[in-house]
Amino acid sequence: MGTTQLETAPEPKYWHLKTVLSDALDSDFAVGEILPNERDLAARFGVARATLRQALEQLELEGRLQRRRGVGTTVAPPRVGVDVSTSQHVWPGAGDDAWQALDCTLAAPPVAVARMLDAGDESGSGSGDAVHTVRRIRMTQGQPVAAELLYVPAGSVPELSAIDAPSGATRARSVLRELQRLGLEGQDRSVELGSARADDAKELDRLPGAPVLVVTTRYLAAGGTVAVSVATYRADTCRLTFGDSGDLEISHHGEERKAS
(Lines give C-alpha, C1' and ligand atoms only; values in the text may rest on other atoms or scores of the structure.)
Protein backbone atom coordinates (compact mmCIF):
# COMPACT_ATOMS: atom_id res chain seq x y z
CA MET A 1 0.00 0.00 0.00
CA GLY A 2 1.57 3.30 -1.07
CA THR A 3 0.99 6.80 0.13
CA THR A 4 -2.05 8.51 -1.36
CA GLN A 5 -3.05 12.18 -1.51
CA LEU A 6 -6.20 12.72 0.51
CA GLU A 7 -6.26 16.51 0.74
CA THR A 8 -8.19 17.16 -2.50
CA ALA A 9 -10.73 14.36 -2.11
CA PRO A 10 -14.30 15.74 -2.38
CA GLU A 11 -15.75 13.20 0.08
CA PRO A 12 -14.82 12.98 3.78
CA LYS A 13 -11.24 11.87 4.36
CA TYR A 14 -12.23 8.69 6.19
CA TRP A 15 -14.54 7.65 3.34
CA HIS A 16 -11.87 8.14 0.71
CA LEU A 17 -9.40 6.29 2.94
CA LYS A 18 -11.90 3.44 3.27
CA THR A 19 -12.02 3.11 -0.51
CA VAL A 20 -8.21 3.07 -0.75
CA LEU A 21 -7.93 0.50 2.01
CA SER A 22 -10.65 -1.67 0.43
CA ASP A 23 -8.72 -1.79 -2.85
CA ALA A 24 -5.55 -2.68 -0.94
CA LEU A 25 -7.32 -5.53 0.85
CA ASP A 26 -8.15 -7.03 -2.55
CA SER A 27 -4.65 -6.70 -3.97
CA ASP A 28 -2.13 -6.74 -1.12
CA PHE A 29 -3.56 -8.88 1.67
CA ALA A 30 -4.77 -12.44 2.13
CA VAL A 31 -7.72 -13.61 4.20
CA GLY A 32 -6.73 -13.78 7.86
CA GLU A 33 -3.66 -11.55 7.43
CA ILE A 34 -3.07 -9.03 10.21
CA LEU A 35 -3.01 -5.36 9.23
CA PRO A 36 -0.24 -3.03 10.43
CA ASN A 37 -1.00 -1.19 13.65
CA GLU A 38 -2.99 2.05 13.63
CA ARG A 39 0.05 4.25 14.18
CA ASP A 40 1.86 2.86 11.13
CA LEU A 41 -1.23 3.01 8.92
CA ALA A 42 -2.04 6.57 9.95
CA ALA A 43 1.53 7.67 9.21
CA ARG A 44 1.56 5.89 5.87
CA PHE A 45 -1.57 7.68 4.68
CA GLY A 46 -0.88 10.99 6.37
CA VAL A 47 -4.11 11.06 8.35
CA ALA A 48 -5.04 11.41 12.00
CA ARG A 49 -5.61 8.17 13.87
CA ALA A 50 -9.21 9.25 14.46
CA THR A 51 -9.74 9.38 10.67
CA LEU A 52 -8.14 5.98 10.29
CA ARG A 53 -10.35 4.49 12.98
CA GLN A 54 -13.45 5.76 11.19
CA ALA A 55 -12.34 4.06 7.98
CA LEU A 56 -11.50 0.81 9.78
CA GLU A 57 -14.84 0.82 11.61
CA GLN A 58 -16.69 1.24 8.32
CA LEU A 59 -14.75 -1.63 6.73
CA GLU A 60 -15.52 -3.79 9.74
CA LEU A 61 -19.21 -2.94 9.45
CA GLU A 62 -19.10 -3.92 5.77
CA GLY A 63 -17.52 -7.24 6.65
CA ARG A 64 -14.12 -6.56 5.09
CA LEU A 65 -12.22 -6.56 8.40
CA GLN A 66 -12.48 -8.37 11.72
CA ARG A 67 -11.14 -7.13 15.01
CA ARG A 68 -10.16 -10.09 17.16
CA ARG A 69 -9.20 -9.86 20.80
CA GLY A 70 -5.52 -10.55 21.37
CA VAL A 71 -4.85 -10.72 17.62
CA GLY A 72 -5.59 -7.35 16.07
CA THR A 73 -7.36 -6.32 12.87
CA THR A 74 -7.42 -9.06 10.25
CA VAL A 75 -8.77 -9.39 6.71
CA ALA A 76 -12.17 -11.07 6.91
CA PRO A 77 -13.11 -14.12 4.83
CA PRO A 78 -15.88 -13.78 2.21
CA ARG A 79 -19.34 -13.34 3.70
CA VAL A 80 -21.42 -16.43 4.39
CA GLY A 81 -24.49 -16.65 2.17
CA VAL A 82 -27.77 -16.97 4.09
CA ASP A 83 -30.38 -18.55 1.84
CA VAL A 84 -33.69 -16.90 2.68
CA SER A 85 -35.71 -18.36 -0.19
CA THR A 86 -38.40 -20.90 0.63
CA SER A 87 -38.35 -22.79 -2.65
CA GLN A 88 -36.54 -25.74 -1.05
CA HIS A 89 -38.09 -27.22 2.09
CA VAL A 90 -35.54 -28.90 4.36
CA TRP A 91 -35.68 -29.83 8.04
CA PRO A 92 -33.01 -28.47 10.40
CA GLY A 93 -30.19 -30.98 10.65
CA ALA A 94 -30.96 -32.63 7.30
CA GLY A 95 -28.69 -32.81 4.27
CA ASP A 96 -25.60 -30.59 4.21
CA ASP A 97 -26.59 -28.69 7.32
CA ALA A 98 -23.71 -26.46 8.47
CA TRP A 99 -25.01 -26.10 12.01
CA GLN A 100 -23.54 -27.75 15.12
CA ALA A 101 -25.94 -28.86 17.86
CA LEU A 102 -24.78 -27.69 21.28
CA ASP A 103 -27.55 -28.25 23.79
CA CYS A 104 -31.24 -28.92 24.36
CA THR A 105 -33.37 -27.84 27.30
CA LEU A 106 -37.04 -27.79 28.22
CA ALA A 107 -38.21 -24.23 28.61
CA ALA A 108 -41.19 -22.00 27.88
CA PRO A 109 -40.72 -20.21 24.53
CA PRO A 110 -40.86 -16.43 24.14
CA VAL A 111 -44.38 -15.07 23.73
CA ALA A 112 -43.89 -14.30 20.02
CA VAL A 113 -42.65 -17.84 19.36
CA ALA A 114 -45.52 -19.36 21.36
CA ARG A 115 -47.98 -17.46 19.19
CA MET A 116 -46.39 -18.83 16.02
CA LEU A 117 -46.50 -22.36 17.41
CA ASP A 118 -50.18 -21.91 18.24
CA ALA A 119 -51.06 -20.50 14.80
CA GLY A 120 -53.05 -23.05 12.85
CA ASP A 121 -52.10 -25.78 15.33
CA GLU A 122 -54.51 -28.70 15.12
CA SER A 123 -52.36 -31.25 16.94
CA GLY A 124 -52.80 -29.99 20.48
CA SER A 125 -49.07 -29.65 20.99
CA GLY A 126 -49.43 -27.29 23.92
CA SER A 127 -47.03 -24.69 22.61
CA GLY A 128 -47.75 -22.45 25.59
CA ASP A 129 -45.99 -25.00 27.80
CA ALA A 130 -42.29 -25.84 27.96
CA VAL A 131 -40.88 -26.95 24.60
CA HIS A 132 -37.66 -28.57 23.48
CA THR A 133 -35.26 -25.66 22.88
CA VAL A 134 -32.35 -26.77 20.72
CA ARG A 135 -29.32 -24.46 20.70
CA ARG A 136 -27.09 -24.59 17.64
CA ILE A 137 -24.18 -22.59 16.26
CA ARG A 138 -22.70 -22.13 12.81
CA MET A 139 -18.95 -21.75 12.32
CA THR A 140 -16.91 -20.57 9.33
CA GLN A 141 -13.11 -20.80 9.31
CA GLY A 142 -13.14 -21.32 13.05
CA GLN A 143 -15.25 -18.22 13.74
CA PRO A 144 -18.90 -18.21 14.92
CA VAL A 145 -21.16 -16.50 12.38
CA ALA A 146 -24.63 -17.44 13.62
CA ALA A 147 -26.48 -18.77 16.65
CA GLU A 148 -29.88 -20.45 16.57
CA LEU A 149 -32.62 -21.40 18.97
CA LEU A 150 -34.99 -24.03 17.55
CA TYR A 151 -38.27 -24.43 19.44
CA VAL A 152 -39.95 -27.85 19.10
CA PRO A 153 -43.12 -28.71 21.09
CA ALA A 154 -43.28 -32.16 22.66
CA GLY A 155 -46.28 -32.95 20.48
CA SER A 156 -44.12 -32.59 17.37
CA VAL A 157 -41.72 -35.34 18.49
CA PRO A 158 -43.93 -37.76 20.48
CA GLU A 159 -41.54 -40.70 20.07
CA LEU A 160 -38.62 -38.90 21.70
CA SER A 161 -37.37 -40.95 24.64
CA ALA A 162 -35.74 -39.36 27.67
CA ILE A 163 -33.76 -42.55 28.10
CA ASP A 164 -32.31 -42.48 24.58
CA ALA A 165 -31.51 -38.78 24.74
CA PRO A 166 -30.81 -37.75 28.33
CA SER A 167 -29.47 -34.21 27.88
CA GLY A 168 -27.19 -31.78 26.08
CA ALA A 169 -26.02 -32.20 22.49
CA THR A 170 -27.17 -35.84 22.41
CA ARG A 171 -30.74 -34.83 23.15
CA ALA A 172 -30.50 -31.98 20.62
CA ARG A 173 -29.53 -34.39 17.86
CA SER A 174 -32.34 -36.75 18.89
CA VAL A 175 -34.91 -33.96 18.66
CA LEU A 176 -33.66 -33.07 15.17
CA ARG A 177 -33.77 -36.72 14.10
CA GLU A 178 -37.34 -37.20 15.35
CA LEU A 179 -38.45 -33.96 13.69
CA GLN A 180 -37.23 -35.27 10.34
CA ARG A 181 -39.65 -38.19 10.60
CA LEU A 182 -42.50 -35.78 9.88
CA GLY A 183 -43.53 -34.92 6.37
CA LEU A 184 -42.50 -31.30 5.87
CA GLU A 185 -45.37 -29.48 4.16
CA GLY A 186 -43.78 -26.06 3.89
CA GLN A 187 -42.01 -23.26 5.65
CA ASP A 188 -42.09 -19.49 5.79
CA ARG A 189 -39.28 -17.15 6.71
CA SER A 190 -38.82 -13.54 7.73
CA VAL A 191 -35.66 -11.45 8.09
CA GLU A 192 -35.12 -8.43 10.30
CA LEU A 193 -32.16 -6.23 11.13
CA GLY A 194 -31.59 -6.20 14.87
CA SER A 195 -29.09 -5.65 17.65
CA ALA A 196 -27.27 -8.48 19.40
CA ARG A 197 -28.60 -9.29 22.85
CA ALA A 198 -26.13 -10.15 25.59
CA ASP A 199 -26.42 -13.94 25.15
CA ASP A 200 -26.20 -13.76 21.33
CA ALA A 201 -23.25 -11.37 21.51
CA LYS A 202 -21.36 -13.75 23.78
CA GLU A 203 -21.83 -16.72 21.46
CA LEU A 204 -20.97 -14.69 18.35
CA ASP A 205 -17.94 -12.98 19.90
CA ARG A 206 -19.49 -9.55 19.39
CA LEU A 207 -20.32 -6.64 21.65
CA PRO A 208 -23.93 -6.31 22.85
CA GLY A 209 -25.82 -4.07 20.46
CA ALA A 210 -23.76 -5.07 17.40
CA PRO A 211 -25.86 -5.28 14.18
CA VAL A 212 -27.27 -8.73 13.45
CA LEU A 213 -29.67 -10.34 10.99
CA VAL A 214 -32.50 -12.21 12.70
CA VAL A 215 -33.99 -14.95 10.49
CA THR A 216 -37.20 -16.51 11.83
CA THR A 217 -38.42 -19.71 10.17
CA ARG A 218 -41.73 -21.48 10.79
CA TYR A 219 -41.86 -25.18 9.82
CA LEU A 220 -45.25 -26.56 8.76
CA ALA A 221 -46.37 -30.20 9.01
CA ALA A 222 -49.35 -32.23 10.21
CA GLY A 223 -51.70 -29.32 9.59
CA GLY A 224 -49.88 -26.82 11.78
CA THR A 225 -46.63 -25.26 12.94
CA VAL A 226 -44.40 -27.95 14.39
CA ALA A 227 -41.22 -25.95 15.00
CA VAL A 228 -39.91 -22.40 14.96
CA SER A 229 -36.29 -21.38 14.42
CA VAL A 230 -34.86 -18.01 15.44
CA ALA A 231 -31.35 -17.67 13.98
CA THR A 232 -29.14 -14.67 14.69
CA TYR A 233 -26.46 -13.97 12.06
CA ARG A 234 -23.54 -11.56 12.36
CA ALA A 235 -24.36 -8.75 9.95
CA ASP A 236 -20.67 -8.11 9.31
CA THR A 237 -19.94 -11.61 8.04
CA CYS A 238 -23.21 -12.70 6.38
CA ARG A 239 -25.17 -11.70 3.30
CA LEU A 240 -28.68 -12.64 2.22
CA THR A 241 -29.15 -14.78 -0.88
CA PHE A 242 -32.42 -15.38 -2.70
CA GLY A 243 -33.37 -18.24 -5.00
CA ASP A 244 -34.66 -17.72 -8.53
CA SER A 245 -38.24 -18.52 -7.55
CA GLY A 246 -39.17 -14.89 -7.00
CA ASP A 247 -40.81 -15.70 -3.66
CA LEU A 248 -39.35 -12.82 -1.67
CA GLU A 249 -42.08 -10.93 0.16
CA ILE A 250 -41.45 -7.25 0.91
CA SER A 251 -43.58 -5.63 3.59
CA HIS A 252 -43.81 -1.91 4.20
CA HIS A 253 -46.15 -0.13 6.59
CA GLY A 254 -48.40 -3.17 6.85
CA GLU A 255 -48.54 -3.87 3.12
CA GLU A 256 -47.04 -6.94 1.45
CA ARG A 257 -46.10 -7.63 -2.14
CA LYS A 258 -44.06 -10.18 -4.04
CA ALA A 259 -40.87 -9.14 -5.79
CA SER A 260 -39.84 -11.07 -8.85
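Among contacts in the chain between residues at least 6 apart in sequence, what percentage join residues at least 24 apart? The share is 65%, where contact means heavy atoms within 4.5 Å. This is a predicted model, in which local features need pLDDT of at least 70 and side-chain atom pairs count only at pLDDT 80 or more, while totals for chains, interfaces and linings use all residues. Residues are numbered from 1 along each chain as its sequence is written, and side-chain values use heavy atoms, with hydrogens and water left out.

**Overall composition**
- The chain has 6 helices and 12 strands; helices (H or I, at least four residues) and strands (E, at least two) are DSSP runs numbered from the N terminus.
- Of the 260 residues in the chain, 41% are buried. Buried means under 20% relative accessible area, exposed over 50%, and partly exposed in between (1.4 Å probe, protein chains only).

**Helices α1 and α3**
- Helix α1 (residues 13-28) and helix α3 (residues 49-61) have axes that come within 8 Å and cross at roughly 55 degrees. Axes are lines fitted to C-alpha atoms, for helices over the stretch in contact, and angles run from 0 to 180 degrees between N-to-C directions.
- The two helices, α1 and α3, are therefore oblique to each other. Angles under 35 degrees count as roughly parallel, over 145 as roughly antiparallel, 65 to 115 as roughly perpendicular and the rest as oblique.
- Residues that make this contact include Trp 15, Leu 17 and Leu 21 of α1, and Leu 52, Ala 55 and Leu 59 of α3.
- The contact of α1 with α3 comprises 9 nonpolar, 4 polar and 2 charged residues. Ala, Val, Leu, Ile, Met, Phe, Trp, Tyr, Cys and Pro count as nonpolar, Asp, Glu, Lys and Arg as charged, and the others, Gly among them, as polar.

**Helices α2 and α3**
- The axes of helix α2 (residues 38-45) and α3 come within 9 Å and cross at roughly 105 degrees, so α2 and α3 are roughly perpendicular to each other.
- On the α2 side, Glu 38, Arg 39, Leu 41 and Ala 42 meet Arg 49, Leu 52, Arg 53 and Leu 56 of α3.
- This contact of α2 with α3 has 4 nonpolar, no polar and 4 charged residues.

**Thr 133 and the cysteines**
- Thr 133 belongs to strand β5 (residues 131-140) and is buried, at 10% relative accessible area.
- Apart from neighbours within four places in sequence, Thr 133 contacts several residues, among them Asp 103, Cys 104 and Tyr 151.
- Cys 104 is buried at 6% relative accessibility, and Cys 238 is buried at 2%.
- The structure holds 0 disulfides, a disulfide being a pair of cysteine sulfur atoms within 2.5 Å.
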